Amino acid sequence: MAVISLMTDFGLKDGNVGVMKGVIWKIAPQAQISDLSHLISPQNIAEAALILYRSAPYFPDFSIHLVVVDPGVGTARRPMAARLGNQYYVGPDNGTITLLLELVEQQNLPTHFIHLNKPEYWLPNVSYVFHGRDIFAPVAARLAAGTPLEALGTPFDDPVRLALPQPERTAAGWRGQVIHVDHFGNIASNIRVEHLGEMLQHKERLTVRVRGAEIHGLVNTFGERTPGTLVALIGSTGNLLACLVNGNAQTRLGVQIGDAFEVVYE
Amino acid sequence: MAVISLMTDFGLKDGNVGVMKGVIWKIAPQAQISDLSHLISPQNIAEAALILYRSAPYFPDFSIHLVVVDPGVGTARRPMAARLGNQYYVGPDNGTITLLLELVEQQNLPTHFIHLNKPEYWLPNVSYVFHGRDIFAPVAARLAAGTPLEALGTPFDDPVRLALPQPERTAAGWRGQVIHVDHFGNIASNIRVEHLGEMLQHKERLTVRVRGAEIHGLVNTFGERTPGTLVALIGSTGNLLACLVNGNAQTRLGVQIGDAFEVVYE
Amino acid sequence: MAVISLMTDFGLKDGNVGVMKGVIWKIAPQAQISDLSHLISPQNIAEAALILYRSAPYFPDFSIHLVVVDPGVGTARRPMAARLGNQYYVGPDNGTITLLLELVEQQNLPTHFIHLNKPEYWLPNVSYVFHGRDIFAPVAARLAAGTPLEALGTPFDDPVRLALPQPERTAAGWRGQVIHVDHFGNIASNIRVEHLGEMLQHKERLTVRVRGAEIHGLVNTFGERTPGTLVALIGSTGNLLACLVNGNAQTRLGVQIGDAFEVVYE
């Protein structure tokens, strides 16, 4: 029984997510469907890329990740299906796969990109503005029902990649950026365990600086400090975070996506 | 494996939607359940009617659409199950089916209305205020598990219909109303492709007027104009929309449901 | 096919709920998963306890209720699985089960508590801050796939219980507290049908007082009064509520969780 994950910027009130599930189950009645998020900020491809990257590896092999954050719907941007290691992606070729693709390439796993150009696998009537329902949901369902990836269109090898900000090495640490703020107000940077490496063996010697706040030492988890304390820690998918114990660090610090986020080793 | 869609005004925080799924799976363990929306504005039957109308046709044949927007719960309003063409409805007889019923009648498809009055198909204890859990979820699950519609109650033939506003023909076009604003702030009118007909062969000759704004020409999709531009286009289910490319038209224009929405052909 | 319910304070935008479903379906591909709520107020264990208590009894026997409201994640608090009558709980041992456990004990149903201390049933890498994904989701999936509860860890018999406020008998009725406000703004107290008992045979003799408002008599349902009227009634799971017909009582009265809520019998 294939698993499909679903991520969009459609919100939850208009029925557009539910209708995609109707389309999927018409073709693949047994598919399990997991909603990753439908609250991606409108048109924010980078946010979708981050969530796809950190979620997909936890899914069963050959799950199908259907992502529709698609400001270019109905224009020349390619509709696409891809194999990324042991996971499939279906959605627009607009950079959503950037981070997951990098991960898969680092692991030397196979990749395969297909331009979806065979309307016989789509709904009979394709609207200009809802390819999620009319193209991507039916294609994801075909994959789930056993149609081979290669049958769905024409191969290509130059998928769009986002130019995402990278942290820079400084004299005493790393200078990165705020890339995500979660539901709790935890502030995630693009500085990762891979950057910090051996520095993590002396967590007490690291100092995090973000929006004027200075946090000395890294903890392993929230409960090591009292409620209301700012802490820095490694999040569950390897990014360096600034958090407020039992509170909202984003509100406390007034942080925005893109703000500088620095760590210094002393 | 039957598909059930679920739409309510219950919101997502109180567990009331999840509990209905528990009730359904007790009776129909294999049912697939798609959440259409649980963010219908409280008691807004017209909004539920619109979303049901544009979503149901995309579902597998004989899917069951369980809709609970039910300000009259526990009063004399009839609990109801209905066949509407190749789809089922379960919920209060309060007009929720109005638009889908019109569509099905235009297509000369069969309709059948059942007053749910057989408590043996409900939960043993029926509360006064949560028939979604106690009557409608068990009845939808019975249908999913194979109980014939006719067994669930007594036939009737006068379901409640909402008197929804209709667009009017003007000298040079149509005058309608704003009937929905979606998550992106796109503004939907009740003027549809069926009204515009041959005018759509010269999209450049149409002008849309809403809340003081004037939009010349219709585009096919957002990406034909630069971000921040107001555009008019036909939405994915056939309604005439006013949108802001990569932005929120509702916020920009301060539009409300019920505002005038006009189109002129020159 | 086992049913798993899922409740967290994770919100819906970050992908963390969806990733737990990916983990579950890797181990138990056929599990049905019902989202109870992911909008529990951050770290609010009492709110999760209330929703679990009133929802679990409606689920199929031996459903698995996976609840992750876990401010103590990564500290010494016990990870736990439990049998509570004919339902299972998986989550932190932090009091989430308090109300459901009391109910099960009143019914003299069996209970069994297991300290989850066998990492062979978890994901291979356990983060410090996301045990929902790394410990609780895999354990719930093992239960769903047939692993016996006892195999998952070591029995214990002193689960954490919250000290929740209890209503007090007064000369002429009961004095309780506001314990929940739902999506509609309905105000729930901790005064229950069990407290009121025979007083409910003369609903017209009861007066509810909350935040300066006085509501004379109890109705059975909203539609007995005109829109905009304050009413008191017994909610669908037995708590005494104050509501505004077709409106929001919480906004009208400015009520907060913990406010006094009194009922007097005259």
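Colleague: In this predicted model, how many salt bridges are counted between chain B and chain A?

Modeller: Good place to start! A salt bridge here needs a side-chain nitrogen of Lys or Arg within 4 Å of a carboxyl oxygen of Asp or Glu. Between chain B and chain A, the count of such bridges is 0.

Colleague: How many residue pairs are in polar contact between chain B and chain A?

Modeller: Here we look at pairs of N or O atoms within 3.5 Å. With both residues at pLDDT 80 or more, the count between chain B and chain A is 13.

Colleague: What area is buried between chain B and chain A?

Modeller: The contact itself involves 33 residues of chain B and 32 residues of chain A. Carbon and sulfur atoms give 58% of the buried area. The total comes to about 2600 Å².

Colleague: Now for chain A and chain C: what area is buried between them?

Modeller: On this interface, 33 residues of chain A are in contact with 32 residues of chain C. Of the buried area, 59% comes from carbon and sulfur atoms. The area is about 2700 Å².

Colleague: Which residues of chain A lose the most area to chain C?

Modeller: Three residues together make up 24% of what the chain A side buries. They are Tyr58(A), His183(A) and Phe184(A).

Colleague: Let's turn to rings. Why is the pair of Phe10(A) and Phe130(A) called edge-to-face?

Modeller: A pair of aromatic rings is described by the distance of the centres and the angle of the planes. For Phe10(A) and Phe130(A), the centres are 5.5 Å apart. Planes over 60 degrees apart count as edge-to-face. The planes of Phe10(A) and Phe130(A) stand at 85°, so this pair is edge-to-face.

Colleague: How many residues apart are Phe10(A) and Phe130(A)?

Modeller: Phe10(A) sits in the loop between strand 1 (3-8) and helix 1 (16-27) of chain A. Phe130(A) is in the loop between strand 6 (111-116) and helix 4 (131-144) of chain A. The pair links distant parts of the chain, and the separation is 120 residues.

Colleague: Are Phe10(A) and Phe130(A) buried or exposed?

Modeller: The cut-off for buried is under 20% relative accessible area. Both Phe10(A) and Phe130(A) fall in that class: buried.

Colleague: Which residue of chain B joins Phe10(A) and Phe130(A) in a cluster?

Modeller: Ring pairs link these two rings of chain A with one from chain B.

Conventions: Residues numbered from 1 in each chain as written. Chains lettered and ligands numbered in written order. Predicted model: local features only at pLDDT ≥ 70, side-chain atom pairs only at ≥ 80, totals over all residues. Heavy atoms only, no water. Contact = heavy atoms within 4.5 Å. Buried area = accessible area lost by both parts, 1.4 Å probe. Polar contact = N/O pair within 3.5 Å; in protein donor to acceptor, adjacent residues only side chain to side chain. Phe/Tyr/Trp six-rings, centres within 6.5 Å; stacked < 30°, edge-to-face > 60°. Helix = DSSP H or I, 4+ residues; strand = E, 2+ residues; numbered from the N terminus. Buried < 20%, exposed > 50% of the residue type's maximum accessible area, 1.4 Å probe, protein only.
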